[in-house]
Structures are given as structure tokens and as C-alpha cells.
Amino acid sequence: MSRPIDLTPSPALVVRRRRDRLFHAFAFAGALLCLVVLALLLFDIVSTGAARLSWEFINSFPSRFADRAGVRAALWGSAWLMIVTMAIAGPIGVAAAIYLEEFTRRGRLAAILEINISNLAGVPSIIYGILGLAFFVRWLALGRSILAGALTMALLVLPVVIIATREALRAVPGSLRAASFALGASPLQTVLRVVLPSAMPGIVTGLILALSRAIGETAPLIMIGALTYVAFVPQGPMDSFTALPIQIFDWASRPQAAFQQNAAAGILVLLALLLVMNSIGILIRQRASRKLQP
Amino acid sequence: MSLSTTQRIPLRSEQKFRPVEFSALAFLRASALVSIVTTLAIVVVLVYESIPFFRHVSPWEFLLGTQWTPLLEPRAFGVLPLVVGTLHVVIGAGLIALPLGLLTGIFLSEYAGPRTRALLKPLVEVLAGIPTVVYGFFALTFVTPILQRFFPSIGLFNSLSASIVVGIMILPFVASLCEDTLRAVPRSLRDGAYALGATKAEVTLKVVVPGALSGVLASFILALSRAIGETMAVTLAAGSTPKLTANVLESIQTMTAYIVQVSLGDTPRGTIEYQSIFAVGLLLFLVTLALNIASNRILKRFREHYE
């Protein structure tokens with residue numbers, strides 16, 4: 001009979017295993033902290049603003065008196081801004097992505113464009129605001145209009161649209177393109193009738209992502225001068241406007257508690273809009289993935 | 001010849017395109033060039049509009065001056081107080097977001113099971129999707145009151161509170177970028193370390209993280225560049241008092257907050273205050289651009305290393 005093997009771990013191993021468990025707990029706590037912060041943030045906003053939220057708040061114009069003020073002008077301004085921004089950035093962004101993904105070979109121009117787009121994505125939003133102020137508001141004399149704001153926003157979200165659309169196009173299998181060519185379709189017909197339709201869910205998700213970035217952006221709009229007293233619903237793209245995040249900023253920067261409550265209620269409206277937009281995006285993605293399954 | 005998913009459509013010579021196709025292609029190409037034009041327009045606007053400013057104030061005086069009093073007599077345009085204010089926020093936010101973000105990235109990539117990950121990752125992304133003005137509100141109404149309990153001398157506006165919320169804001173970026181780079185480390189490296197008897201923590205800290213170091217570094221630089229460009233939270237929470245101070249309990253002003261302050265005041269075009277925002281904007285643009293380029297370079301090298 002052989003001697004029984006000693007299976008008790010060495011003291012060094014005991015220490016190493018303890019360190020291992022400790023690190024696991026540490027990493028878990030770190031990740032958990034993110035959620036705690038998120039919960040605190042939501043708690044702070046809901047506890048301050050929920051009482052102020054009412055139909056009247058949504059349907060009233062801004063006012064000197066906190067209890068009579070509402071977000072009607074800001075909501076309409078944001079809606080106009082989002083629609084015009086998408087009308088500009090959507091087609092240009094998708095077209096740019098199609099060009100980069102389907103019609104260029106890996107060359108010098110493609111490389112320059114790629115680096116340029118990733119650098120643009122990192123430019124602070126306030127710099128776009130400065131560009132909008134100097135270029136659209138003053139040089140092109142568009143004034144402090146919805147159009148000037150939307151053009152500025154469109155440039156800001158363009159990298160997001162391009163990057164998301166390129167990913168969606170890349171996910172379309174090459175066999176679809178080959179089949180289309182085999183049927184005698186031209187490159188453009190192939191892109192418009194075969195590649196784009198099957199990339200559509202991904203593109204729409206990207207557009208919604210870009211919109212949810214744009215709807216919360218404040219700094220560029222302040223730069224082009226959208227922080228003004230607007231007590232009317234804009235009727236066209238050349239009207240002056242205010243937007244939801246601007247209204248929130250205006251209220252949050254006032255010392256009175258009543259305006260702070262308005263700011264929190266405005267944030268709740270903004271977050272609700274973001275939630276709706278993202279839910280639509282998720283729904284589209286799920287529909288699309290169900291469709292692709294055999 | 002097989003068509004892979006990434007292969008481009010074979011382009012014949014463009015003469016064979018019909019007129020419709022030709023103009024469509026022209027539209028596509030023009031759209032792609034919009035991004036180049038945007039970059040050029042940013043540079044042109046910033047340089048052109050700040051030339052008059054630099055006629056009044058020498059670049060030397062601008063970069064090395066220690067007084068920033070553009071709205072008061074005697075006027076002085078030394079940008080250092082704004083740079084120091086920005087540094088407050090960048091360093092404070094970095095101290096919070098870099099370690100915590102890396103830790104969260106490690107947890108998501110190495111420890112979380114598929115179910116935990118499916119729950120945790122979207123929630124972290126929610127944190128990234130919250131508009132910055134909301135973080136400003138959070139700083140004013142939640143973080144600063146808590147800080148006031150610990151530091152009774154703290155002002156309503158202070159750089160500490162702004163740093164904390166900017167840290168929270170860039171944390172999700174660090175976490176998801178770190179997670180991506182940690183995941184890119186080949187499994188074989190982990191397996192090799194396990195085969196040598198390493199514990200999971202040892203594998204993570206001594207093999208995976210060092211293996212992804214350049215990617216982690218790139219994500220850190222990108223996050224700090226975002227902190228520099230952050231505007232609304234620092235405007236709301238850090239105040240508008242440009243000063244050279246190391247005290248995080250005092251009110252300061254960042255470069256971005258100064259630009260907002262001037263544009264809120266509706267200064268007429270042609271005045272030196274109006275011109276000064278382009279000079280500060282130019283500095284801000286150059287610094288963030290340099291950081292982004294550095295980060296992209298490092299990331300590219302990291303990818304080439306493993307792919």
C-alpha cells in the first residue's frame with residue numbers, strides 16, 4: 001500500500017485562493033456600483049420632479065412663475081429639431097456609408113475618410129456649436145432658426161449614422177450581392193434593391209441611436225443661441241425655437257427650488273422620450289432577427 | 001472567386017454607368033466628402049475667427065498668462081486658469097472612472113456569466129445614454145448637498161462635484177471599451193496560464209490585462225478626451241470663476257464652460273470676448289484631436305497585434 005497523498009493546500013495556495021475570491025468580490029462590487037449610481041440618479045430625479053409632472057406641465061409655455069411654466073414650446077422645438085436633423089443627416093449619412101462600404105476599394109481616399117470620421121466622432125459637441133454659430137448662424141445668415149440648429153446637429157450625429165450604417169451593410173451576406181449580379185443587376189440596382197432592404201433594420205437602429213444622442217445635446221444649441229424665451233409653437237424651419245434640454249438647463253441654473261422641480265420634471269419628460277425611442281429601436285431589431293430565422 | 005461578406009462590389013470603369021447611375025454615384029461620393037468638409041470647416045472657422053483675437057493678444061500671452069478676466073477691466077487673456085479648471089475635472093473624473101471602468105470591464109469580460117452580462121451591460125449603456133445636462137442637475141441637487149455634509153466650507157459651485165459626475169459619465173465608455181479589448185485577448189493565453197496553475201484573479205491581472213494593456217490605455221485616453229470636452233455638467237456644477245487653484249472645493253471655470261458663458265451673454269460680434277471663444281475653442285479642439293489621434297493609433301496597433 002502506498003502512502004496517502006497529502007491533499008491539504010499549502011499556506012501559499014490558501015493565500016492565493018483568498019486573494020482570488022477577494023478580487024472577484026472587488027470586481028463585482030465595482031460593476032454593482034454603476035447600478036447603484038444609476039439608481040441614485042433616477043431616485044433623485046423622480047423624487048424631485050414626479051410631483052410636478054402633469055398634463056398642464058406638458059401643455060404650458062415657459063413662464064416667470066415656476067408653477068405655471070411648462071415644456072410645450074420646448075417639446076415642439078425638440079420635435080421640429082429632430083425631424084429636420086434626421087431629414088438632413090439620414091440620407092447623407094446612409095449615402096456616405098454606402099459609398100464607403102460598397103463603392104470604394106481599400107485605397108488612400110477610403111483610409112483618409114475612415115480616420116476622419118473616427119476623429120469627428122471624438123470632437124467635443126461644443127466645437128460643433130462654435131461651427132454652427134459662425135458658419136450657419138452668421139456666415140449663411142440663417143439666424144437662430146430651427147434650420148441652423150438642425151444643420152449643426154446633423155453634422156454632430158453624422159459620424160454615428162455613418163458608423164452604424166456601415167456595420168449594418170457589412171452584415172449583409174456577400175452571396176446576396178453575388179446573386180443579384182448574376183441576375184444582371186447593376187451595382188446601383190444591387191445596392192438599392194438587395195443590400196439596403198436587408199440592412200434596413202440595422203440602419204434604422206443606427207438612426208434612432210443618432211436621434212437619442214441629438215435629443216439630449218445641449219451645448220451646441222446654447223452656442224447657436226437657442227436659449228431664449230419662446231412662448232409659441234414653431235410653425236416652420238426658419239422660426240426661432242427652444243428645446244427640451246435647453247429648457248432643463250435654464251431651469252436647473254436658477255437657484256429657486258420650484259424651478260429645480262421644473263428641471264426634474266423636464267428631465268422625466270426627456271428620459272421618457274429616450275425610453276420610447278430606444279424601445280422602438282429594440283422592437284425593430286427583434287422583428288428583424290425573427291424574420292432572418294428560417 | 002468567392003464573395004466574402006466584406007468584399008466590395010467590383011467596379012467596372014465608370015463610363016459604363018448609365019447617366020442615372022452616374023449621378024447617383026456622384027451623390028454618394030459627395031455625401032462621403034461631407035465629413036471631410038466638416039473637418040475643414042471646423043479648422044477654417046476656428047482659425048479664421050481667432051486671427052483678430054491673436055492680433056490683440058499674442059499667442060504667447062494667451063498660452064502662458066495666469067489671469068483670465070475677459071469680461072472685467074483690466075482685461076487679461078491668459079488661458080492657464082481655464083486650463084487648470086479643465087485639469088481639475090479631467091484628473092478628478094479620471095481618478096473615478098478609469099479604475100472603476102476597468103474593474104467593470106474586467107467583471108463583464110472575465111467574471112460575468114451570460115445571464116448576468118445580459119442584464120448588466122444594457123444598464124451600463126443606459127448610464128452612457130443619459131444626457132449630460134441631467135448629470136449637471138444631479139451634481140447640483142444630489143452630489144453637492146452630500147459633499148456639503150463632509151466639507152462644510154464647500155461652495156454651491158465646486159470642481160469636486162463636477163469631477164464626480166463627469167467621472168460617472170465617462171465610466172460606461174471606459175467599461176465597454178475595456179471589455180472589448182479584454183475580450184480580444186486570445187483564449188489560448190488564458191488557457192496557458194490556467195495550465196500553469198494560476199488562479200482566475202492571477203490570470204486576469206497578470207495575463208489578460210497586461211495583454212490588453214495598449215487597448216486599455218487607448219480607452220483611458222479616449223475617456224479623458226471626452227472629459228475635457230464635457231460642457232453642460234461642468235457649466236452647471238463647477239461655476240464660472242476662472243482661477244489658478246488646487247482647491248477642489250472652490251468654484252472654477254473650464255474652457256468649455258467659458259465658451260458657454262460668453263455665448264449665453266449674447267456678446268456682439270467683433271468684440272474681443274466674442275473672438276476669444278474661438279481662440280479657446282481652437283485650443284480645446286487641438287487638445288482633444290491630439291488625444292483622439294493618439295488613442296486611435298494605439299488601438300490600431302493593439303488590433304494588429306492580435307488579428
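Q: Why is the pairing of A:Arg16 with B:Glu202 called a salt bridge?
A: In this predicted model, the closest N and O atoms of A:Arg16 and B:Glu202 are 2.7 Å apart. The term requires a side-chain nitrogen of Lys or Arg within 4 Å of a carboxyl oxygen of Asp or Glu. The pair of A:Arg16 and B:Glu202 is therefore called a salt bridge. Between chain A and chain B the count is 1 salt bridge.

Q: What makes up the side of chain A that touches chain B?
A: By class, its residues are 60 nonpolar, 15 polar and 11 charged. Helix 1 of chain A, residues 11–49, gives the most to this side, with 19 residues.

Q: How do you know that chain A and chain B are in contact, and how many residues take part?
A: Contact calls for heavy atoms within 4.5 Å. By this rule, 86 residues of chain A are in contact with 88 residues of chain B. The area buried between the two chains is about 7600 Å², and carbon and sulfur atoms give 75% of that area. Across the interface, 12 residue pairs are found in polar contact.

Q: Why is the packing of two helices described by an angle and a distance, and what are the values for helix 3 and helix 6 of chain A?
A: Two packed helices are described by the angle between their axes and the distance between the axes. Helix 3 (residues 72–102) and helix 6 (residues 146–170) of chain A pack at about 35°, with axes 6 Å apart.

Q: Is the crossing of helix 3 and helix 6 of chain A left-handed or right-handed?
A: The crossing of these two helices is right-handed.

Technical notes:
Residues numbered from 1 in each chain as written. Chains lettered and ligands numbered in written order. Predicted model: local features only at pLDDT ≥ 70, side-chain atom pairs only at ≥ 80, totals over all residues. Heavy atoms only, no water. Buried area = accessible area lost by both parts, 1.4 Å probe. Polar contact = N/O pair within 3.5 Å; in protein donor to acceptor, adjacent residues only side chain to side chain. Helix = DSSP H or I, 4+ residues; strand = E, 2+ residues; numbered from the N terminus. Nonpolar A, V, L, I, M, F, W, Y, C, P; charged D, E, K, R; others polar. Axes fitted to C-alpha atoms, helices over the stretch in contact; angles between N-to-C directions. Left-handed = near helix turned anticlockwise from the far one by under 90°.
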